[in-house]
Amino acid sequence: MSEWFDELAQFLRIPSISADPAHAADVVRAGEWVRDLIRGAGGSAEVVDWHGQPLVVGEVRASSNAESAPTVLCYGHFDVQPPDPLELWSSPAFEPEIRGDRLYGRGVADDKGQLYLLLAGARALARAGRLPVNVRFACDGEEETGGHSIVEFLEADDRGADAAIIFDSGMIGEDVPAFNIATRGLLYFHVEVSTGSTDLHSGLYGGAAMNAAHALVRTLQALLASDGRLAEPLREGIVPPTARELEDWRQLPAGAGELAGQGATPADPAAAEEFYLRTTAEPALDINGIATGSPHLEKTVLPVRAVANVSVRLAPGQDPETIAAAFERLIRAALPDGAQLDLQRWSSARPGIVPPDARAILLGQDAFERVLGVRPVLVRSGGTLPIVAALADRGIPTIISGFSLPDAQIHAPDENLPARYVPLGIETAQALFEELGKL
Ligand SMILES: [Zn+2]
């Protein structure tokens with residue numbers, strides 16, 4: 001078996017399941033494994049206790065003139081998702097195995113296997129005396145449980161960096177690499193409408209007393225998108241895609257297929273055509289759930305209380321505070337006179353965006369092209385990744401990419417990564433550090 005397999009397999013065998021308190025020591029052990037690899041590359045590294053969470057912070061210095069060399073910050077996480085249902089794995093989740101052309105095991109794609117590419121790439125250049133940048137690693141063990149310790153750490157770390165690399169995503173198809181240059185933010189609201197003190201008999205009061213279900217439905221109706229666009233106050237601040245981004249999006253699979261593949265119904269006639277615009281560059285409001293009255297049993301009740309959860313995915317460029325204020329104004333204006341509204345904001349996260357023409361992005365694309373022969377396409381993610389926003393706020397352009405494929409089964413049984421992408425990924429990581437040496 002190859003050298004990389006033996007080494008990576010040690011890392012993958014550690015069941016660093018952050019969601020399971022019984023594995024807390026394994027999460028630390030995985031962190032120590034990362035620390036030791038950085039030290040073995042000639043760097044310095046520590047497992048830092050950040051308010052009870054283990055972070056690995058380390059640095060492999062440039063081979064020469066480290067004082068004036070650019071610094072590249074690499075982020076990855078060494079925790080993994082729980083492996084269950086175990087019976088659906090073709091080989092044990094924590095016993096990595098190569099079958100056919102794929103490497104299988106929990107964490108091969110998300111994210112230990114991909115973090116390993118950056119670690120091994122930096123080590124190879126350092127050992128050869130050819131590392132042109134200072135590579136700083138900041139890794140956490142709570143990504144899979146939504147932890148924010150690494151974001152807090154980076155916000156408090158005033159050393160800055162010239163660029164950052166995150167290999168925690170993947171290609172849009174085999175040998176079609178992508179850079180993700182934006183993520184959406186999130187606002188999450190709990191909405192409660194009340195119209196009286198006690199539920200009523202619909203025969204005695206129906207038609208005369210205000211029904212909270214009606215009041216909630218009318219209120220939410222005013223917030224919904226029409227033809228895929230929210231009300232203008234909820235669209236404030238959007239950074240639209242550039243011509244180059246739109247050009248790259250043509251290489252993405254058709255939106256109609258993305259919807260049909262999930263058995264989804266297009267929201268309106270233009271939705272499939274505008275799939276990527278709507279899911280990555282526009283804000284999207286979703287009612288996540290409604291509860292009121294008697295939706296299952298036949299009960300002639302007139303409910304006086306109705307609740308809903310509503311989320312807003314914020315487009316790159318939008319400010320959560322501005323949009324939350326607009327949301328509250330719109331919802332209060334739509335509330336029928338006499339109804340009471342209790343609005344709670346349960347969470348908020350900023351969107352992130354990297355300028356597509358940032359020098360680090362162009363150099364990064366050059367590096368991928370050099371190794372893979374294909375220039376990465378620039379895409380945006382519809383999801384939310386607070387670390388991207390934190391890095392963007394500090395003016396650090398971030399290359400968010402990776403080698404996992406759409407069928408990598410992340411978070412699911414038989415998580416996999418093409419085995420040839422490990423040596424190729426290490427080579428690409430080296431090319432990235434070399435190119436970023438020009439910053
Ligand atoms: Zn994950």
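**Backbone features and a helix pair in a predicted model**

P85 lies in the loop between β3 (71-77) and β4 (97-99), strands being DSSP runs of E with at least two residues and helices runs of H or I with at least four, both numbered from the N terminus. The model is predicted, with local features needing pLDDT of at least 70 and side-chain atom pairs counted only at pLDDT 80 or more, while totals for chains, interfaces and linings use all residues. Residues are numbered from 1 along each chain as its sequence is written, and side-chain values use heavy atoms, leaving out hydrogens and water.

A cis peptide bond, with omega about 0 degrees, links D84 to P85. Another cis peptide bond joins D110 and D111, again with omega about 0 degrees; D111 sits in the loop between β5 (102-104) and α3.

Turning to α3 itself, the axes of helix α1 (residues 3-13) and helix α3 (residues 112-127) come within 11 Å and cross at roughly 130 degrees. In the contact (heavy atoms within 4.5 Å), W4, E7, L8, F11 and L12 of α1 meet K112, G113, L115, Y116 and R123 of α3.

Positive phi values also deserve a look. D175, in the loop between β7 (163-167) and β8 (178-183), has a positive phi of about 60 degrees although it is not a glycine. D175 is partly exposed, with a relative accessible area of 32%; this term covers values between buried (under 20%) and exposed (over 50%), using a 1.4 Å probe and protein chains only. H411, found in the loop between β17 (398-401) and β18 (416-418), has a positive phi near 70 degrees and is likewise not a glycine. H411 is partly exposed at 41% relative accessibility.

Terms used:
Axes are lines fitted to C-alpha atoms, for helices over the stretch in contact, and angles run from 0 to 180 degrees between N-to-C directions.
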